[in-house]
Every structure is written in C-alpha cells, then in structure tokens.
Amino acid sequence: MTTHAATLDHEMSHEEAANDRVMFGFWVYLMTDLLMFAVLFAVYAVMRESTVGGPDGAELFSPGLALIETLILLTSSFTCGLGMIAARRSNKTQVLAWFGITFFLGLLFLSLEIREFQELIHEGQTLRTNAFMSSFFVLVGTHGLHITSGLLWLGTILFYVNKRGLNAPLVRKLALLSLFWHFLDIVWIFIFTVVYLMSFA
Amino acid sequence: MKETQHAYSPTKEHNPTASYVIGFVLSLFFTLIPYSLVVNKTVTGNVLIATILGFAIIQMLVQIFFFLHLGRGPKPFYNIVFFVATVGLILVTVGGSIFIMNNLYSNMSVTDITTKLAQKEGIAQIGDQPTGACQGRLQNHQVIIKDGVMNPATTKAKRCDTLTISNQDAKDREIAFGEHPEHSAYGGEEEVLVRAGYNKTITLNQTGEYIYHDHFEPETAGFLIVEP
Amino acid sequence: MREFLIGKLSGRALPHEWFTIGGSIAFILLVVGAIVLITYTKRWKWLWNEWLTSVDPKRIGIMYFLVGGFMLLRGGLDAIMLWLQQALASGSSQGYLTADHYQQIFTAHGNIMVFFVAMAFIFGLINYIVPLQIGARDLASPFLNSLGFWLYVGGVVMVNMFFLLGGEYAATGWLAVAPLSGTEFSPGVGVDYWIWSLQISGIGTTLGAINFIMTILKMRAKGMTLWKMPLFTWGSLCSMIMAVTVFPLLTATIFLLFFDRYLGTHFFTTTGGGNPMMYTNLIWMWGHPEVYILMLPSFGVFSEIVTTFSRKRIASYTSNVLGMIGVSSLALSVWLHHFFTMGAGANVNAFFGVMTVLIAIPTTILVFTWIATMYKGMIKFSTPMLWFLGFVGLFAIGGMAGVILAVPPADFQLHNSLFLVAHFHTMVVGGVLFGIFAGLAFWFPKLAGFRLNERLGKYAFWCWIVGFLMAFTPLYVLGIMGATRRMDHYEASTGWQPFFIMALIGGIIIMIGVAMQLVQIIASIMQRHLLADKTGDPWDGRTLEWATPSPPPSYNFTSIPAVSTRDAFYEMKLDGGFKKVYEDIHMPKNTASGIYISIFAFLIGFGFIWEIIWLVVASFIGMLWCLIKRTFDDESEYTITAKEVKAREDAAAKLPSATKSRIQQKEEMGLIEFIRIVLSWAMSIVRRKR
C-alpha cells in the first residue's frame, strides 16, 4: 500500500488520513471560534449592568421571540444531522431536501434576529447607546454573522452538489459544515440562556 | 469510495437517525424547562440563574454527544482533549474576567469613591460639580471686598447656603479660612482665589464659626457663622 | 463623491516630516531595487513559481526568515533611535525627537519585534524543522500554511505603510491601551494601522498554529508516539496549542477596539458605561501567553542543541516535556501580574502573584535538565552552544528580576519603570532571540547545504552578549532609581545620563554584532564549498531531520523511516542506517490563492483605515471568491511516481562535485580576511572601469 504520510494509524489510506486531519483541524478551528465567543460573553457578563440609566434586558427583550428563535435553530440543527445521514448514504435528493430545509430555517432565524435588531434600533437602543447595548449587539450580531457565513457556505456546497453530484470532497465539506452548524446551535443555547433568560431572572 | 464513507461515519453500530432524534427531543426538553421556569417565575434569584445555566450545560453535553458525536469518531482522543481544554480555558477567560473586573469595579469606580468620600466629609462640590452632599440650595449670601474691607464683616447663614465673594479691588485675593498664617480647609477648599473684579461662589456645607481672610493681606478679614 | 472614492485620503496624508520622507524613500528604493534586480536577472517566473506560490514548508520557512530578518533590522533601527534620544535628552537638551515621534517609535519597535520578528523566526523554524523531525513530507494543510505566511506579509506591509500614507503610527505603546487608543485621544490613523497590521497577521498566526497542531498530532512517522517526539517538536506543539488558545482572544479584543473606533460602541471608552480596564484585562490574557508562545520553541531548540553538542541524551526527557507543559498551562492564568497596580484588591493580586511565582518551578526544571545533560558530556563549544550558554546566564538574571516583579508589593515600586523594560528584554532577547540565533546556526547547514562560518559567528555572539549586558544592566539600575519607561526626556539633576549613554554604547555594540552576523552569512556563502555539508548530518545529529540530505528534496524523505525510540536518527545510525525504498509520493500543488486572499485582506484593512467603503466591500467579495475557488478545487495534489523519485535521487547523487571556488582557502575566514577580500574585489571593479 502506498502511504503518503505513514501516520500512526498506518491502516488508513491516503484519503482517509487526509479526511481525519481535516476534520480534526476544523475541530481545533471551532475551538478557537468558541474562545472568541468566550471573550464576547465575558464582555457581556461584565457590562450587562452598564446601562447608564437606560433600560435593561428585562425591559428590552422578549423571551417568547428568543424561544422561537431557539426552536428554529434547534430544528435546523436536527435537519442538518438528518441531511448528513443522507449524505453518507449518497442519497442526493434527500441531501438537497434536508439541507434545503436547514438553509430555509437558518434564513428564518436570521430574519427574526434582524427584525429584533430593527425594533431595538427603532426604540432608540443602538450599539452606541451604552456598554450594555454595545455588548449585546456585538455578541448576538457575531453569532448572526456566523449564521450568515454558514448559509453562504451551505448555499455554495448545495450549488456544487447539484452541479457535480455527491462526490467524496463534497461529502467532507458537508460534514464540516454540519459540525459548524451544530456548534453555532450550542453557542446560541448559551446566548439564549445568558442574554435572554438571565435578563428575566 | 467505501472506506471514505467509513471515515465519516461516526456511528457504525448505532442507528444514526435515532441518535439525532433522541438529541433533538432532549434538547427541546432542556430548552422548554428553563424557559418555563423563567416565565412562570417558579424560582427566583441566584437559584434560578444557577438552574438555567445548569440546563444550558446539560443541553450542550446532549448536543455534543448526540449531534456532534464527540468521542465516537474514528480517533476521538485529541478532539476530546481539545474540547475539554477549551471549556477549561473559557471558564478561565469568563470567570477570570468577572473575578477581576468585579474586584476592580468595587475598588476603582472613581466617581463612586469620590462621591462617597465627599458625602462623608460633607463636601458639597468638587471643582464645580455638586457631590450631592447638599440637597437643594437655600439662600445666597454676598460679601463684597472693596478697598481691603469686607462688607458685611459678619455673615450668618444656614448649612448648604451659598456664599459669593465679590472682589471689587484691583488686586487678586486669596481667601483662606482660619487664623493667619495657619489655615484650615473649609468644605474641601484650602484657599479660594478670587481674581480682581471677579466673583467666586462656594457652598457652605460645614457648620460652625469661621474666620476668613485674604492670605496676601491678613487684615482684610471676615467672620462666618454657619448654623445647621 | 471624492469622499466616496478615496475616503479620508488627501494630500496631507503624503509624507511631509523628515522621518516619514526618509522611511518612504527607503521603502520605495527597496521595492524599486528589488524589482530592477529581478527584472535584470530575469527571475520573475522563477520567483513566482518556485517561491512565492510555493506550499513547501521549507521554502515558506526560508521566506519567513528573510522577511523576519529584514524586520529585525527595521526594529533594530528603531531601538538605536530610542537609545540615542535617551542618551541625548537630558536637562535643557530635548534630544532630536519630538515626544510624539518618540512614542510612535517605541510602539512600532515593540510591535515589530514581537509580531514581525520573533513570531516570524519561530514560524520559520517550525515550518522548516518540524515536518523533518516528525518524518512528514509536508504539512496537514499546505495551503493554510501559505495563506498564514502571506497574511503575515500583509501585516508587515501594513506596519510599514504609515510612512507612505498617513505619516503616523500608533503612539500608544505596543498594546494600544484604552482609552488612549480610542478616537477621543488618538483621532489619527496611527492606531488604525496598528489594529489592521496586528489583526491580519494575527489571523495568519491562528491559521498557521491550527495547521501545525494538525501536522504534529496526525502526521508523525510510524512508531513515533507523543513520548518519542523530538523536544523541539514538543516545544512547538506546546507553543502552537497556546497560540490557538490565546490568539482568538487577541482577535476578538482588537475587533472590539475597532468597533469602538468605527461604530462608536462603548466597550473601552470612558463614557457610556464602557470600561478601559476591561481592555487591559483582555489584552493581557493574550499578551502574557504570547511571551511563552515565543519562548517554548526556543526551549525546544536549546534541548536539541544541548543534547547534540554534549553528545548525550537529554537528562530527563519526561521532566523536560512536563516542564514545557507546566509552563504553558500556568502561563494561561497569570495575566493579571501585568496590571497589579490597576487597583484590584489584595486577594486578586495575591492569587495572580502566587501563580506567577509558580512558573519559576517548571522553568527551573527545564534549565536543570539542560545543565544535567551537559554534566559529564563531551561538550563541543560551537556557536549554537555559545548562544545556549549566553541564554542560560541571561535567563537566570531575567528570571530572578521576574520573580521580584511577580511580588505585588515590589511591583508597586517597580512597575512601569525601566527595571521592567530591562526584565522583559532580558527574557525576550536572551530567551527567544538567542534561541532563534542558536537554532539558525544549528540548522543552517540543513537549509543551505553548508555550515555557517564559526569564527565570525563567535565574534557576533560576543558582541551580542557584551553589548546586551552593557545596554540593559544600566536599565535595571535606572529602574530602581526611579526612571520610568517610555520617557523621552529627563532632568539633568537626576544624574541618569551616564547610564543612558552606557546603554547607547551597549546598543551600538549589539548593532556591531548584527553586522557581524550579516558578514558571517556573506562570508559563509563565499566559502560555501569549504563549508559544504555533504552527508546531511554535520553535527552527528540525533533526530530525523539529519537523516535527509542537505538541503532536503521537496518531498523530504524518500521513504518515511519507522521510529522505535527517542533520538530516532541516533539509534538508527548505531543500527547501521536505514534502507531507501522508492514509492509513489503525493505532493501538494503550488497555489497563489494565499497571495490573492492576503492582498484582499490587506485591502480590507486599508479600506477601513481610510474609510473607503467600496474598497472594503469589493475586497471582501474578492476574498470570498478566492476562498470558494480554492476550497472547491479538488485537484490540489500531484503524484511523483517511484520511478521519478529514483531518477531524481540518482541524478542528485551523480551531480558533478562542486566547481572550484574563486576563493581558495583551507580554513574559515576571519573578519580581517573578509575585509581584505571585499576590498580587493572592490579594487578590481574600480580597475576594470578604468
């Protein structure tokens, strides 16, 4: 057998070893992203009371909307997982269907978030208002940006799946994307808890 | 590419769909419970915060296990190590920041400290900013300095009244409290410089009887009685 | 319209002060000179195909060295300017720099030395050596590596860009502390240049670090378990793990500062509930581990050198590795010692003080393992070993100063003084830079095919160590006398001037040392046939990199050796070497995507600095386009068949022995010899002209 890099697991083929490395590397990247979020959470935790006399979270946020957003994202994470199972079974139609639903739910989530932001801005609460609002907009907005880039990425992959068929590199990209998507779901759970629920506690 | 598919497949023995369904149902469950706790206010305060944080962590573990399949890939060891280390580091980052910043806030909030100190000492204003030690000014008293004489020589006032010293001579005056040459501070002011032709107003926030004089010409002096 | 097209740019942004004009001219001359030289020698195609688009970690490593070396000279020039100002500006003399200019220079000096010199050399060494040491043919993601390098170059260009446009760099200190770096106090573009040069290169660092972690953990030769890895690889692994854990913190923090400046948020402002202290807290969470990110590979270099030149195994491999792991884990929880005096209570200060002092334990263990390795060894005092010994001395001095600073009550007296400046220079120059120099001298034969001139290397070392002690010992004294750091003028009555003059002289001696290093490289190139390393193993090395020819072929190993012990190559030599087996080799294709993406990243930064929004948007789209093109390109590898490999190796073996050099010598040249040769060469040119 020709081994490219005779790694510890010499029973792995060249492609398998490459896949294993990429999946691991992406996992490490996710961890770095998590640490970036940690900074934003730390800033939010430190500044959530710095409203300078302005309204606090309990007055501004709506727990119902946050719950709906959470459920949407959770469902999209679930459909993303089902899409991944279809991808492993090389079922192109199902892949397009499940990931299509994921894409749509992500878009829905994003539009709800943008609406929430618009309402806050309409009430005069912008990211310039005070430190609390700055940290809220940046924390939630960064998550939203991640969702946006996830959608762009997913859209591109689906475009190529449609064009090239479900080949091994694309399945690998779908696997990476689903990791990313689940990861964003986990980050959102903490935003839901720390930003929204804790404002009412 | 059969082998390749194996490399992706984290759950060779398990039914993968079942894993996602279980994860999804559990996640729904762990989202709705804290939500209802918060909305119905079943518990409150720190207990509530601890509870909902606990649910968030449980849900994270559920998703890590059922969605991300951490620990079930072909070679999970390093992934687990990195995940655990990251969680530890997040605790250090967030916990450390809160620990340090709370400590700094309590020690270092400059305006808070000065205000508290000023209120304790009864200092009504620092610079031109009122500290809040005097609530509501009552009456303004005037002392005019002309030809080296203070008029009126004795001023009677209540605490938190204001005193305006008006210097109508052609030279600067530095009004000091107490006997010359030993001065004492009054209301946070050591010496009050009143330039030629200008006025200066101070808040009378310390009760008692005081002599005050021009530090350059000690014979130019007045008497101040502040009653509570 | 004009504002839309070119944002804040205007004629006033062009250079108009002596230092920006000088810098611009130097910058332009360099670029034009390089272009002329390449065009004249018709090397454009070669440069593009063989180097710039290369994904070979060995080539990228050498490019890191070249850019890093250039930036070392650039940062060194800053240092000399600072020394000169301090030696002059006493009493009625104000020196030759304005306060503002002085502040910009020390900021630039710090940024350049940490981000663009030390990081570059460390990444260069890791790029070149780690794949060879672990028996890998390339990195886990060669493209990411190339991208990381080009993002670093983008940062380098950005940090020098202010000469040409804007005319000011940040005057805030190397960490741009808030609220000084906010728009209220720094309205100019200096801080924006700071933000984007660090942001671009910092993201490159994160990507590079992820790549090395993947490589080290997943691509080791068969049989090389974690506990059989060479110590330099261990140091690199620890360092890279720290890099991926803290560089995201830096990126996030700088983004928050950026939001404060551009979007008017209130994170680190003095108004609107913002808290500048939070900035200090976050930036040091990255800043302290950063020092160890630089230090740990350096520790690894010293371990390799001590074992090789003492001709012994490392005294206790396990303690050495655990020491490095201990240093890296403790380093993540000590950041508050950089701001003991900011006002935290006694409990907080005590906790972080104790954590800091604890770091001395694993560090001391490391030093003891090296000393114990030397004990009863057959030590050869070659240049790398001299750098190591210099390091041990300086590290002990700096470390003890560090323990003093780690005690909060002492820190209250010494913080922000020149004592601190002397301390961290002792650590970073003694620990990091000496490690880099030692590593370069040690591995130079591997990457060039010939050794460095030992005599001149020793001159350079002695200049460095004497110059360093002369330059920084006075700073310890001055610090205790009360001289604060970042001070561009002082009263004559302080009596500090003699110390500052002594420091300047020390600085000049260091510069002579740097010149000596340049002479050493040139002289070695002149005598490359005499110094040639034909075996690939000039030092009787112990680890796998010495099993390859010097310089190694692009695929590193003809066949990947199987490893069964530590010091794998040494054991193999005892067993009679290993056999070559020819096999098909998969290699990554060259790619220019990294360059394009980096150019777009640079333009995004540039657009933000000058508020040219269309440029930001366009560059962002361009960057996305490149990324998509690259990631969906499945044809990124090619195969060299076993036959081709054999043909190449045979051709290399048959290569005619080197043509006779013009300079015939039996021994390595010294300085006088070098000057004589250069002079006679210059004379011959003059004569020919006549």
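Biologist: Which side chains meet in the salt bridge, and what counts as one?

Modeller: A salt bridge is a side-chain nitrogen of Lys or Arg within 4 Å of a carboxyl oxygen of Asp or Glu. Here the side chains of Asp20(A) and Lys218(C) form one, at 3.1 Å from N to O. Across the interface of chain A and chain C the rule finds 1 salt bridge, while across that of chain A and chain B it finds 0. This is a predicted model, where local features need pLDDT of at least 70, side-chain atom pairs count only at pLDDT 80 or more, and totals for chains, interfaces and linings use all residues. Residues are numbered from 1 along each chain as its sequence is written, chains are lettered from A and ligands numbered from 1 in the order in which they are written, and side-chain values use heavy atoms, with hydrogens and water left out.

Biologist: How much area do chain A and chain C bury between them?

Modeller: The size of an interface is often given as the accessible area lost when the parts come together. Buried area is what two parts lose on being put together, taken with a 1.4 Å probe and summed over both. For chain A and chain C that comes to about 3,800 Å², with 72% on carbon and sulfur atoms. Contact means heavy atoms within 4.5 Å, and this one takes 44 residues from chain A and 45 residues from chain C.

Biologist: And what do chain A and chain B bury?

Modeller: About 4,500 Å², 79% of it on carbon and sulfur atoms. On the chain A side, Trp27(A), Phe78(A) and Arg88(A) lose the most area to chain B, together 15% of what that side buries. The contact takes 49 residues from chain A and 48 residues from chain B.

Biologist: Is Asn281(C) buried or exposed?

Modeller: Buried means under 20% relative accessible area, exposed over 50%, and partly exposed in between (1.4 Å probe, protein chains only). Asn281(C) counts as buried because its relative accessibility is 0%. Asn281(C) sits in helix 9 (residues 276-310) of chain C; helices (H or I, at least four residues) and strands (E, at least two) are DSSP runs, numbered from the N terminus. Leaving aside neighbours within four places in sequence, Asn281(C) is in contact with Ser97(B), Ile100(B), Met101(B), Trp335(C) and Phe339(C).

Biologist: Which residues touch the most other members of the largest nonpolar core?

Modeller: A nonpolar core is a set of buried Ala, Val, Leu, Ile, Met, Phe, Trp, Tyr and Cys residues joined through side-chain atoms within 4.5 Å. The largest has 316 residues, and Phe61(A), Phe136(A) and Tyr193(C) touch the most other members. Helix 6 (residues 168-196) of chain A gives the most to this core, 21 residues. A second, separate core has 17 residues, including Ala157(B) and Tyr186(B).

Biologist: Now the sheets: what is the strand order in the open sheet of 5 strands?

Modeller: Strands of a sheet pair through backbone hydrogen bonds, either parallel or antiparallel. Two strands pair if DSSP finds at least two bridges between them. In chain B the order is 5-11-10-7-8, with mixed pairing. Strand 5 (154-158) and strand 8 (191-194) of chain B each have a single partner strand, so one side of each is left without a neighbour in the sheet. Strand 5 of chain B pairs with strand 11 (residues 221-227) of chain B in the parallel sense over 5 bridges. Thr154(B), for instance, stands opposite Phe223(B) in strand 11 of chain B.

Biologist: How many bridges join strand 3 to strand 4 of chain B?

Modeller: Strand 3 (residues 140-146) and strand 4 of chain B run antiparallel and are joined by 3 bridges. Lys146(B) has Val149(B), in strand 4 of chain B, as its bridge partner.
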